[in-house]
Amino acid sequence: MISSKEQSISDTLDKTGMLFWRLDLSKRSFINLNNSDVGILGLEHYRFFKDRAYRTKILFPDDRASMERAVVNFKDRVPVRMIFRVQNSNKLHWYKLTGWPTSNFRYYEGAVEEISAHISWLRDIFDQQDRRLLEVVNAEYPVAVFSAQDNRLLNANVFFQKSLGLDITSGQKYRLDDLVRGDIKLPQVLELLFLDRRLTLELLLGCGNGTVTKVSCQLVYFSHEGMGYIRLAILDNEGQKSRIAPRIEKPVVKKQVQQICADLKQCSSIDAMLERIYQAKDIFPDMDVVMYSDIYARKNKVMVYSIGDMNNPLEPGSQFPYAGTIAENIEKENLEYLIVDDTQSSIKAIDWMLFVPKGLHSYVAKALYVRGAMRTVLIFCSLKTKSFTEDQIPDVTAIAEAFHRQLKRIRRSSKS
């Protein structure tokens, strides 16, 4: 029997003109949480959400790929926000869809709303805004505009040119993919940009004098008169510039770190080792959580153990798919370590599946190997952004290696 409170909520949701839905990921089933008119999407009892062939048939062709990516994100428990179009009787219907993972790992929920009536009004607003986005000369911060078709630099103000040591009057042709350095995959970033239209993230940009600089940027994708553009604004260029050629320095391990490594040899369990590392606040003052990932790449699974302060603590041995994890990122890019300054700027599935929902905004990760196969990733996490630096890598590495050695001893002793 439905309570009066539940009935009131249901009636309210019905009046919003939006359909609220839930996916049971364990059963791969769709459930509508209210009864709302969403036009053609409601035909045949919301078949659009259940039948891929039907969905493909009625979707506007340009939106089919982005919708299928969204469906994959549902299953990977990654938040989704998108606009898509549906064709019916030679008429185009516009919809807004949002989705989010719930605190119950089994479910994923979302909402969809028809916004066709707003499109003409929005187009007028966007046309005016997009015309302004093309202008860069009068901006009081570094900004440039690139062609979305070939990433070619079209215009940049004097602040942008000065920041990167460029001269657009010299006749030299610059491209966005020439300026972006480091291990970031620009095609993946642009794919996300074309879906969300706006991204804020940190980039390593190459300068004209042979250096790179780490900056906080905002990327905006827009179109004007049928052409697509990418606007790149530098929000903060106080990052230290460094030569492209790496410097080889012998790491200096602190006495406190040496003591932690010695203490880890006396630990008899994973929990005990994580607890000892968690006590190292004097070395890592912004560290709020320590995680250990047990990697089984061939089986496409990662088992995670943790200790510390975060939203909804993990059960020991919580399992995640290997695809999209820190481990996969490190292995594919052949990295020695990985520092993420802001998880909400990340495009890795694991950051949105694990770190963002847990309130963790930055981390540093170090991977260790057994006979060439990655087995251990030790991760120091923080509730704040930008909490870890390159200077801490020698300490992180020493602790991770000691953890890995003792872990092998613990496992050998458990088998004997």
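Modeller: Gladly, and please keep in mind throughout that this is a predicted model. A place to begin is Glu315, which lies in the loop between strand E14 (301-308) and strand E15 (318-320).

Colleague: Is Glu315 buried or exposed?

Modeller: Glu315 counts as exposed, because its relative accessibility is 58% and the cut-off for that class is over 50%.

Colleague: And how far is Glu315 from Tyr305 in space?

Modeller: From C-alpha to C-alpha, Glu315 and Tyr305 are 7.4 Å apart, while in sequence they are separated by 10 residues.

Colleague: Let me step back for a moment. How many helices and strands does the protein have?

Modeller: The secondary structure comes to 13 helices and 18 strands. Of the 416 residues in the protein, 45% are buried, and among the contacts with a separation of 6 or more, 50% are between residues 24 or more positions apart.

Colleague: OK, now the helices. How do H10 and H13 cross?

Modeller: Helix H10 (residues 270-278) and helix H13 (residues 393-415) have axes that come within 10 Å and cross at roughly 160 degrees. The two are therefore roughly antiparallel to each other, since angles over 145 degrees fall in that class. The crossing in which H10 passes H13 is right-handed.

Colleague: Which residues meet there?

Modeller: On the H10 side they are Ile270, Met273, Leu274 and Ile277, and these meet Ile399, Phe403, Gln406, Leu407 and Ile410 in H13. Sorted by class, this contact of H10 with H13 has eight nonpolar residues, one polar residue and no charged ones.

Colleague: What about H9 and H10, how do their axes run?

Modeller: The axes of helix H9 (residues 255-264) and H10 come within 10 Å, and they cross at roughly 165 degrees. H9 and H10 are therefore roughly antiparallel to each other, and H9 passes H10 in a right-handed crossing. Gln259, Ile260, Asp263 and Leu264 of H9 make the contact together with Met273, Arg276 and Ile277 of H10. By class, the contact of H9 with H10 has four nonpolar, one polar and two charged residues.

Colleague: That leaves H9 with H13. At what angle do they cross?

Modeller: The axes of H9 and H13 come within 9 Å and cross at roughly 10 degrees, which makes H9 roughly parallel to H13. Their contact is made by Val257, Ile260, Cys261 and Leu264 of H9 and by Asp395, Ala398, Ile399, Ala402, Phe403 and Gln406 of H13. The residues of this contact of H9 with H13 divide into eight nonpolar, one polar and one charged.

Colleague: Different topic. Where is Asp351, and is it buried or exposed?

Modeller: Asp351 sits in helix H12 (residues 349-355), and it counts as buried because its relative accessibility is 0%.

Colleague: What does Asp351 touch?

Modeller: If residues up to four places away in sequence are not counted, Asp351 touches Thr343, Ser346, Val356, Pro357 and Tyr363.

Colleague: Now H4. What span should it have, and what are its ends actually doing?

Modeller: Helix H4 (residues 64-75) has 12 residues, so at 1.5 Å a residue it should span 16 Å, and its end C-alpha atoms are 17 Å apart, which agrees.

Colleague: Which of its residues are buried, and what covers them?

Modeller: In H4, the buried residues are Ser66, Met67, Glu68, Ala70, Val71 and Phe74. What covers the buried residues of H4 includes strand E1 (18-24), helix H3 (52-58), strand E3 (80-88), strand E4 (91-101), strand E5 (107-114) and helix H8 (186-196).

Colleague: And what follows H4?

Modeller: H4 is followed by Arg77, which has a positive phi near 65 degrees.

Notes:
Residues are numbered from 1 along each chain as its sequence is written. This is a predicted model: local features need pLDDT of at least 70, side-chain atom pairs count only at pLDDT 80 or more; totals for chains, interfaces and linings use all residues. Side-chain values use heavy atoms; hydrogens and water are left out. Axes are lines fitted to C-alpha atoms, for helices over the stretch in contact, and angles run from 0 to 180 degrees between N-to-C directions. Helices (H or I, at least four residues) and strands (E, at least two) are DSSP runs, numbered from the N terminus. Angles under 35 degrees count as roughly parallel, over 145 as roughly antiparallel, 65 to 115 as roughly perpendicular and the rest as oblique. A crossing is left-handed if the near helix is turned anticlockwise from the far one by less than a right angle, and right-handed if clockwise. Contact means heavy atoms within 4.5 Å. Ala, Val, Leu, Ile, Met, Phe, Trp, Tyr, Cys and Pro count as nonpolar, Asp, Glu, Lys and Arg as charged, and the others, Gly among them, as polar. Buried means under 20% relative accessible area, exposed over 50%, partly exposed in between (1.4 Å probe, protein chains only). The expected span of a helix is 1.5 Å times one less than its number of residues.
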